[in-house]
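Please look over the sequence and the structure shown here before reading on.

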Amino acid sequence: MSGPAAGTAHAATTTDVVCLGESMVTFLPSQPGRLADVPSFGRGIGGAESNVACALAAAGHRAAWVGRVGADGFGDHLVETIAGYGVDTSAVRRDPDRPTGIYFRTATDRGTGAHEVAYYRAGSAASAMSPANVPYEELFAGRILHLSGITAALSADCLALLRELTAPRPGRPLVSFDVNHRPRLWRDGDAGVLQELARRCDLVFVGEDEAEEAWGIVGAEAIRAALPEPSVVVVKRGSAGATVFASGPRPGPRSSNAGGADSAAGGAEAGEGAAQAAGRDTVTVVPALHVDVVAAVGAGDAFAAGFLSATLRGLPVRDRVRHGHLMAAAVLTVPGDLTEPPARDHADRLVALDDGAWGRLRLGPGWTAADRAHEEVRTP
């Protein structure tokens with residue numbers, strides 16, 4: 001199969017979100033310090049897109065992960081672990097000739113100079129994904145297809161695949177794209193291609209810092225000007241929160257015919273800090289939460305999962321961002337990339353707080369197990 005047929009779509013959608021990308025076995029340090037000094041490592045899993053799928057499944061959505069792993073023990077571990085979160089892994093392909101990727105990292109924040117990552121992914125099974133060997137029927141089976149710029153950096157074939165999947169065509173699901181710029185992966189390539197891909201998508205997540213590093217674009221307004229086509233652009237601004245540019249009303253992800261599916265009306269609703277931009281966008285600014293951080297890894301993927309979850313439920317833009325912040329806070333307060341998110345009713349109570357109470361919210365380890373919203377509302 002060389003590509004998806006025009007208009008490929010299912011009359012009955014049974015999956016909420018399909019995530020495509022590489023997942024790897026990650027080795028987590030037993031103690032802080034340089035990789036050269038760490039005496040032992042614990043095994044986990046890592047992968048932006050599979051992280052999103054796991055978080056969505058844990059939040060009660062029907063999520064699928066599509067990828068390619070080796071016919072080896074690490075591939076077995078990945079598929080079994082991701083499936084253990086409730087994610088559909090039936091479309092994952094096994095490569096008999098290429099290995100599953102692995103990597104080692106230090107315990108420090110990815111944004112600091114002390115952070116080290118040692119990737120062993122060159123020639124991995126996932127890097128062989130191409131327009132000729134992915135299961136298009138499964139990729140287009142969901143209400144949302146979630147992709148990231150990491151895949152584009154893996155190989156020329158992977159970049160060709162993302163160009164194919166982001167191409168406009170009748171009947172495609174809402175395409176979500178997390179820029180996820182990783183400088184180490186672009187040493188021999190042009191990260192400017194991530195802007196090209198983002199402009200072909202419907203919903204884009206991008207950090208202010210990565211837009212400046214990858215494209216030389218500074219500030220949320222300039223980022224939106226550089227990405228005029230997507231219906232929604234979410235600019236992540238670190239401790240300052242997030243700014244969302246939404247042109248509306250636009251259709252959301254197509255409705256599911258499966259019983260009990262959430263409504264996913266799209267469009268941009270006024271929210272906290274919202275103001276109508278000249279003739280195009282509603283701009284919504286939502287402050288970040290105060291979080292007692294345990295490990296600053298996986299937060300971006302969790303934020304995307306929270307935002308997508310609320311999008312599937314048809315919630316207002318402000319609430320989508322707040323759910324993203326809460327999902328990120330759940331991951332930030334544990335050592336690994338994945339954790340159990342707060343119960344939906346618990347998260348909804350926190351999202352419904354007034355601006356003052358939201359600003360006073362401070363979340364630390366164990367907060368997701370609290371029974372009542374007021375237990376977390378305290379002055380930072």
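**Helix packing and overall picture**

The axes of helix H9 and helix H10 (residues 317-332) come within 7 Å of one another and cross at roughly 145°, where axes are lines fitted to C-alpha atoms, for helices over the stretch in contact, and angles run from 0 to 180 degrees between N-to-C directions. This is a predicted model, in which local features need pLDDT of at least 70 and side-chain atom pairs count only at pLDDT 80 or more, while totals for chains, interfaces and linings use all residues. Residues are numbered from 1 along each chain as its sequence is written, and side-chain values use heavy atoms, with hydrogens and water left out.

**The protein as a whole**

- The secondary structure comes to 12 helices and 17 strands; helices (H or I, at least four residues) and strands (E, at least two) are DSSP runs, numbered from the N terminus.
- Of the 380 residues in the protein, 56% are buried, where buried means under 20% relative accessible area, exposed means over 50% and partly exposed lies in between (1.4 Å probe, protein chains only).

**Helix H9 with helix H10**

- The crossing of H9 and H10 is right-handed; a crossing has this hand if the near helix is turned clockwise from the far one by less than a right angle, and is left-handed if it is turned anticlockwise.
- On the H9 side the residues that meet H10 include Phe303, Gly306 and Phe307, and on the H10 side those that meet H9 include Arg320, His323, Met327 and Leu332.
- The residues of this contact of H9 with H10 divide into 11 nonpolar, five polar and two charged, with Ala, Val, Leu, Ile, Met, Phe, Trp, Tyr, Cys and Pro counted as nonpolar, Asp, Glu, Lys and Arg as charged, and the others, Gly among them, as polar.

**Helix H1 with helix H9**

- Helix H1 (residues 48-58) packs against helix H9 (residues 299-312) at an angle of about 45°, with their axes 8 Å apart.
- That angle makes H1 oblique to H9, because angles under 35 degrees count as roughly parallel, those over 145 as roughly antiparallel, those from 65 to 115 as roughly perpendicular and the rest as oblique.
- Ala48, Asn51, Val52, Ala55 and Leu56 in H1 meet Asp301, Ala304, Ala305, Leu308 and Ser309 in H9, and by class this contact of H1 with H9 has seven nonpolar, two polar and one charged residues.
- H1 passes H9 in a right-handed crossing.

**Cysteines**

- A search of the whole structure finds zero disulfides, a disulfide being a pair of cysteine sulfur atoms within 2.5 Å.
- The sulfur of Cys54 has its closest cysteine sulfur in Cys19, at 8.9 Å, which is too far for a bond.
- Cys54 counts as buried at 1% relative accessibility, and Cys201 is also buried, with a relative accessible area of 3%.

**The loop between strand E10 and helix H6**

- Asn180 lies in the loop between strand E10 (174-178) and helix H6 (193-199), and is buried at a relative accessible area of 6%.
- The phi of Asn180 is near 45°, a positive value in a residue other than glycine. Most residues other than glycine have a negative phi.
- His181, found in the loop between E10 and H6, counts as buried at 8% relative accessibility.
- Leaving aside neighbours within four places in sequence, His181 is in contact with Trp186, Ala191, Leu194, Glu210, Glu213 and Ala214.

- Thr89 lies in the loop between helix H2 (73-84) and strand E6 (93-95); Thr89 is buried, with a relative accessible area of 14%.
- Beyond its neighbours within four places in sequence, Thr89 is in contact with Trp65, Val79, Ile82 and Ala83.
- Arg98, in the loop between E6 and strand E7 (102-105), is partly exposed, with a relative accessible area of 37%.
- The C-alpha atoms of Arg98 and Gly123 are separated by 6.7 Å, although the two residues are 25 residues apart along the chain.
- Tyr103 has its place in strand E7 and is buried, with a relative accessible area of 8%.
- Not counting residues up to four places away in sequence, Tyr103 touches a set of residues that includes Met24, Phe27, Val117, Tyr119 and Asp337.

Conventions:
Contact means heavy atoms within 4.5 Å.
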